[in-house]
Amino acid sequence: MKENIYSVIAGTGSFIPENVILNSDFMQSTFYDQDKKNIDTPNEDLISKFQKITTISERRYADDHMVTSDMAYLAAKDALESSGIDPESLDLIIVAHNFGNVKKNNRKSDLVPSLAARVKYHLGIKNPNTVAFDLIFGCPGWLQGMIQADYQIKSGNAQRIMVIGAEMLSRVSDPHDRDSMIYSDGAGATILQAVRSEVPLGMIAHAVRTDAFNEAHYLEMKESNSPDYSGSELYLKMQGRKLYEYALNQVPQLVKDCITKSNLEFDQISKVLIHQANGKMDEAILHRICQLFGKKSDPSKLMPMTIDKLGNSSTATLPTLLDLILKNKMKDHDLNKNDYAVFASVGAGMNINAFTYKFA
């Protein structure tokens, strides 16, 4: 049989901030709606409903002195150390994020130099052929970076690529918007390398779509909800109901198309690793995926979740989740040789993507 080149995960890493922010920490917050009108529902009731809908009970915020590239570097360092890979052997460093570095005391996006260049600098990589660049693709950014890396490896342009997802949403969330309780900080890193094999392994197939005709502004940057706000900063805003409906209507079919494109049956999928956006929404997406295949869903076995404790850290949720599973830090969930998993994400753009992966 003929050998082909496949992209195989050679190492993973993550950085999870130590600062735990509980739901009760929002009890003294003053929330307004997007019309700048005070939400008169008692915070205790509002927070209780929030947890029931999202499953989030706590989230993590980075230390005040840190920025996104710091977290990305620490996740990259973890991946390199746990894999034993020489950083000088990397052909590419791709950092997926959406806001650049945002300082605690100056909430403006800092994008020059790129976060990937800063990660390379902090890693002390001297090799000029280690090309570093950023990717902005909403919450599906890390997954899209993996897809782009797969193209580079299979075309013969690269042998080893690091893909990082890092985000500090605590710095771009409006303290007067109840949606701010969803967001968190973190980073995850994955190293892909070229492997020749007669049988398919690693990244098998992918699917991607962008819906920007009517849906482009479901997530966007706007001023604070507070009627008393006089600053110039912009904050992340979402049309929650429209985003929820879009995800439920579009993500399941794209995931099904990706699995079918891989010549796999749903029964062969060991895990569905989905962007940790909203606990109940992710469960609803899984249920609809199973419906499309005529199967029953069991989220507790099929879909590992971190959002209840780590919140939504955008591009970081999937690589962090993967790292925790592979390092045996997710109770009742593991991934072993010859297991198939499907990864999926949805976010600003609106963008959706997925890929299937066979563990080697």
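Predicted model: local features only at pLDDT ≥ 70, side-chain atom pairs only at ≥ 80, totals over all residues.

Modeller: Buried residues make up 55% of the 360 residues in the chain, and the C-alpha trace spans about 70 × 50 × 40 Å along its principal axes. The radius of gyration is 20 Å, which agrees with the value near 21 Å that a compact globule of 360 residues would have. The chain has 9 helices and 15 strands, and of the contacts between residues at least 6 apart in sequence, 78% join residues that are at least 24 apart.

Strand S8 covers residues 160-168, and because 8 of its 9 residues are buried, that is, under 20% relative accessible area, the strand is largely enclosed by the rest of the structure. One of its partners is strand S4, residues 92-96, which pairs with S8 in the parallel sense over 5 bridges; within this pairing, alanine 96 has glycine 165 of S8 as its bridge partner. Another partner is strand S9, residues 185-197, which runs antiparallel to S8 and is joined to it by 9 bridges; here isoleucine 164 has alanine 189 of S9 as its bridge partner.

A cis peptide bond with omega of about 0° joins valine 112 and proline 113, and proline 113 lies in the loop between strand S6 and helix H3. A cis peptide bond also joins glycine 349 and methionine 350, with omega of about -10°, and methionine 350 sits in the loop between strands S14 and S15.

Threonine 55, although not a glycine, has a positive phi of about 75°; this residue is in the loop between helix H1 and strand S3 and counts as partly exposed at 23% relative accessibility. Aspartate 332, which is not a glycine either, has a positive phi of about 70°; it is found in the loop between helix H9 and S14, and its 67% relative accessibility makes it count as exposed.

Terms used. Residues numbered from 1 in each chain as written. Heavy atoms only, no water. Helix = DSSP H or I, 4+ residues; strand = E, 2+ residues; numbered from the N terminus. Rg over C-alpha atoms; globule rule 2.2 N^0.38 Å. Buried < 20%, exposed > 50% of the residue type's maximum accessible area, 1.4 Å probe, protein only. Contact = heavy atoms within 4.5 Å. Pairing = 2+ DSSP bridges.
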